[in-house]
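Let's walk through this model together, from the whole chain down to single side chains. Have the viewer open and follow along.

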Amino acid sequence: MAGNSQRKGAVRKSGSKKGQTTGSGGQRRRGLEGRGATPKAEDRVYHAKHKKAKVAAKASSGRPRNTRKSDDGGPEYVLGRNPVVECLRADVPATALYVQLGVEADDRVREAVHTAGDRGISILEVGRGELDRMSPNGLHQGLALQVPEYRYAHPDDLMADARASSTQPLLVALDNITDPRNLGAVIRSVAAFGGHGVLIPQRRSAGVTAVAWRTSAGAAARLPVAQAPNLTRTLVDWAKSGAQIVGLDAGGDVSLDEYDGTGPVVVVVGSEGKGLSRLVRETCDSILSVPMAGDVESLNASVAAGVVLGEFARQRRLSS
C-alpha cells in the first residue's frame, strides 16, 4: 500500500533514496579512534580521589580550615568559637562579629560578644544561611569574625625607615615560608630582638592572616611587614645600599659564633624542607649555620630566626 513503508515489517529497497551512498562516510571509523590514556583518578572530577586530592591541596596551602579568604581579595573570615575567641584575645584587628540567630550561648560566645562590644567591633546577628555561605564546610559553630585585609609596607620604605632609626638596620626576609604560624612566630621574634621589619614574597608565601597575627602575639600591630614582587631583586637592591645579606642553612660556610651581626644585616630564612631557593641563595653574601649539639639536623624556620636574632641583639648590646 502506498505511503505505508514505515509500517512494522516493511522492507525498504536498497537505493530507493536518491543520492544514497554506501558506507558511513568515516563517521564510524573516527568514532572508533583512540582518545588517549585514561585520566588519573585524581584528575576525574567525579571520582572520590579527586575530592581527597582537592582537600589535601587546600590543607598544604598553609591556610587553616577555620579561616576563609574572600574570593575578591577582601576581608578574611575566622570561623568557629575557639578561633574567634583566640583572635579577640590577641587583639587581632576585626571589623565585625557575626553571631547566628538563636545560637546556644556558652562561655565562648558570651566572651566573644563581650570582648567585641568593649572594642567597638560591630556585632551582627545573622541567619545560619549567611554563616554557611562564609564557611563552605559549615564548621562555623554559630560564630564568625571578619578581619580586614592587611596593609603591607613597600620594601623601599621598610629599608628607609630602618636606616632612619637609631640602630643599624636588622631585617628578616622569608623565602619559601608558606605556614602563617611560622610567619607570625618570626614577626614576634623580630619585634622582641629589636628588628625593624619582615620582608615576604608577593607569591608562594604565607601572608599576614588572622592566624599569623594571632601567633605574633600582637607584634604584627607594631612591626611593619613588606611584600616584594620579586624577592631576589629586592635583596639585590638592599645589598647595593650597603646591607649584608645573610642566608640561614644548616650546611652554611660561616658559623653564627664567628659572624659579626652589628652592622646593617638582612637575615634570609628558608623553609625547613626546601631551604633557600637557588637565586636567593646566590644573592646572599654569606650562608650562616647555627651550631648545634646532638643529632638534630635542622631547626624550624622561626626557631632558627629567633636564635640568630637573639645572638645579633646580644652583640649589638655589647658594642653600644
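Does arginine 281 count as buried, partly exposed or exposed? At 33% relative accessibility, arginine 281 counts as partly exposed, where buried means under 20% relative accessible area, exposed over 50%, and partly exposed in between, with a 1.4 Å probe and protein chains only. We will come back to this residue below.

A word on the ground rules. This is a predicted model, in which local features need pLDDT of at least 70 and side-chain atom pairs count only at pLDDT 80 or more, while totals for chains, interfaces and linings use all residues. Residues are numbered from 1 along each chain as its sequence is written, and side-chain values use heavy atoms, with hydrogens and water left out.

Start with the chain as a whole. Its secondary structure comes to eleven helices and twelve strands; these are DSSP runs numbered from the N terminus, with helices being H or I of at least four residues and strands E of at least two. Of the 320 residues, 42% count as buried. The accessible surface is about 18700 Å², and carbon and sulfur atoms hold 48% of that, as computed by the Shrake-Rupley method with a 1.4 Å probe; for residues, only the protein chains shown count as cover. If you look at contacts (heavy atoms within 4.5 Å) with a separation of 6 or more, 78% of them are between residues 24 or more positions apart.

Now move inside. A nonpolar core here is a set of buried Ala, Val, Leu, Ile, Met, Phe, Trp, Tyr and Cys residues joined through side-chain atoms within 4.5 Å. The largest one has 53 residues, and those with the most contacts inside it are Leu145, Leu174, Leu183, Val198 and Phe312. Helix α11, residues 301-319, gives the most to this core, with six residues. A second, separate core has 19 residues, among them Ala228, Leu235, Val268 and Cys284.

Leaving aside residues up to four places away in sequence, leucine 183 touches Leu174, Ile177, Val198, Ile200, Ala206, Gly207, Val208 and Ala212. Next, look at serine 216, in the loop between α8 (210-215) and β8 (225-228). Serine 216 is buried, with a relative accessible area of 1%.

Finally, turn to the charged residues. Side chains of opposite charge can pair when their charged atoms come close. Counting a salt bridge as a side-chain nitrogen of Lys or Arg within 4 Å of a carboxyl oxygen of Asp or Glu, there are ten.

Here arginine 281 returns: its side chain meets that of aspartate 249 in a salt bridge, at 3.2 Å from N to O. The pair links distant parts of the chain, 32 residues apart, with arginine 281 in helix α10 (278-283) and aspartate 249 in the loop between β9 (244-248) and β10 (254-255). Aspartate 249 is partly exposed too, at 24% relative accessibility.

In helix α4 (107-118), aspartate 107 and arginine 110 are three residues apart, about one turn of the helix, and their closest N and O atoms are 2.7 Å apart. Aspartate 107 is exposed at 56%, and arginine 110 is partly exposed at 46%. To finish, Arg81, Asp106 and Arg108 are linked in a network of salt bridges.
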